[in-house]
Amino acid sequence: MPPEAQPRYSFRPVVEADLPMIAGWLRQPHVAEWWDDAEDEIASIREHIDSISVEPLIVELNGKPIGYLQSYDPHLEDDHPYQDQPFGTLGLDLSIGRPELVGMGHGSALLRQFVEELFEEGTPRVIIDPDPANKRAIRAYEKAGFRAFDTRTSIYGPALMMAIDADDWNEDA
């Protein structure tokens, strides 16, 4: 797809009024399979609205909310299992909320755009940790440029650790 034909996404902070919409997304079967209980997740997202360690975001396409993205700094959370990553690393979690948009390439496209923005801001490494059984997510993350480097089991469950480093991104660009 030529660059001018690729969709542009916007990322805005989650506000309290977004929580019912996110809860609806979390109850969709394609999301619920991979996330914890919707009420627990919403409570966590609410706590992070004003957090310094986690940035909860709504992903918009043409001004319409389509998904949830959060970035986090594992070095700003006590006992985070990914503190072995280089200082400055940011982790991501993503869900396309609207089921009719799943499998259309939005996940990898919006991740490429978001990761590029993070690298432009000076982030050295971005990680993502899908469940190893979540083959659809892993394919999307690979298309976005993430590469597997480890398999772990942490407090969050089984994880295929995937990363993109700014140095490699700049060589590919």
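Analyst: A residue counts as buried when its relative accessible area is under 20%, and as exposed when that area is over 50%. The model discussed here is predicted.

User: Which residues of α5 are buried, and where do they lie around the helix axis?
Analyst: The buried residues of α5 are Ala137, Ile138, Ala140 and Tyr141. Around the axis they cover an arc of only 160 degrees, so they lie on the same side of α5.

User: What is found on the face of α5 turned away from its buried side?
Analyst: The buried side of α5 has a cover that includes β4 (90-96), α4 (106-120), β5 and β7 (157-165). The face turned away from that side carries exposed residues. These are Lys135, Arg139 and Lys143.

User: Within what arc do the buried residues of α3 fall?
Analyst: Helix α3 spans residues 38-48, and its buried residues are Ala38, Glu41, Ile42, Ile45 and His48. Seen down the axis, they line one face of the helix, because they fall within an arc of 125 degrees.

User: Which residues are exposed on the other side of α3?
Analyst: The buried residues of α3 are covered by parts that include α1 (19-26), β2 (54-61) and β3 (64-72). On the other side of the helix, the exposed residues are Asp40 and Glu47.

User: Which residue caps the N-terminal end of α3, and at what distance?
Analyst: The cap is Asp37.

User: Which residue pairs with Glu39 in a salt bridge?
Analyst: Glu39 is in helix α3, and its partner, 12 residues apart from it, is in the loop between α1 and α2 (29-32). Glu39 is partly exposed, with a relative accessible area of 45%. The N to O distance in the salt bridge is 2.3 Å, and the partner is Arg27.

User: How far apart in sequence are the parts tied together by Arg12 and Glu60?
Analyst: Arg12 and Glu60 form a salt bridge, with the closest N and O atoms 2.7 Å apart. Arg12 is in strand β1 (residues 9-13) and Glu60 is in strand β2, so the pair ties together parts separated in sequence by 48 residues.

User: Which residue is linked with Arg12 and Glu60 in a network of salt bridges?
Analyst: Arg12 is partly exposed at 26% relative accessible area, whereas Glu60 is buried at 14%. The network of salt bridges that links them also takes in Asp18.

User: Where is Asp129, and which side chain does it meet in a polar contact?
Analyst: Asp129 sits in the loop between β5 (125-128) and α5 (135-143). Beyond its neighbours within four places in sequence, its contacts include Leu92, Asp93 and Met161. The polar contact of its side chain, at 2.6 Å, is with Tyr82.

User: How far from Asp129 is the nearest side chain of opposite charge?
Analyst: Side chains of opposite charge can pair when their charged atoms come close. Asp129 is buried but has no salt bridge. The nearest side chain of opposite charge is that of Arg152, at 8.4 Å.

User: Which residue does Arg152 meet in a salt bridge?
Analyst: Arg152, in strand β6 (residues 147-154), has a partner in the loop between β3 and β4, 68 residues apart. Arg152 counts as buried at 16% relative accessibility. The salt bridge has an N to O distance of 2.5 Å, and the partner is Asp84.

Technical notes: Residues numbered from 1 in each chain as written. Predicted model: local features only at pLDDT ≥ 70, side-chain atom pairs only at ≥ 80, totals over all residues. Heavy atoms only, no water. Buried < 20%, exposed > 50% of the residue type's maximum accessible area, 1.4 Å probe, protein only. Helix = DSSP H or I, 4+ residues; strand = E, 2+ residues; numbered from the N terminus. Arc of directions from axis to C-beta. Contact = heavy atoms within 4.5 Å. Polar contact = N/O pair within 3.5 Å; in protein donor to acceptor, adjacent residues only side chain to side chain. Lys, Arg positive; Asp, Glu negative; His and termini not counted. Salt bridge = Lys/Arg side-chain N within 4 Å of Asp/Glu carboxyl O.
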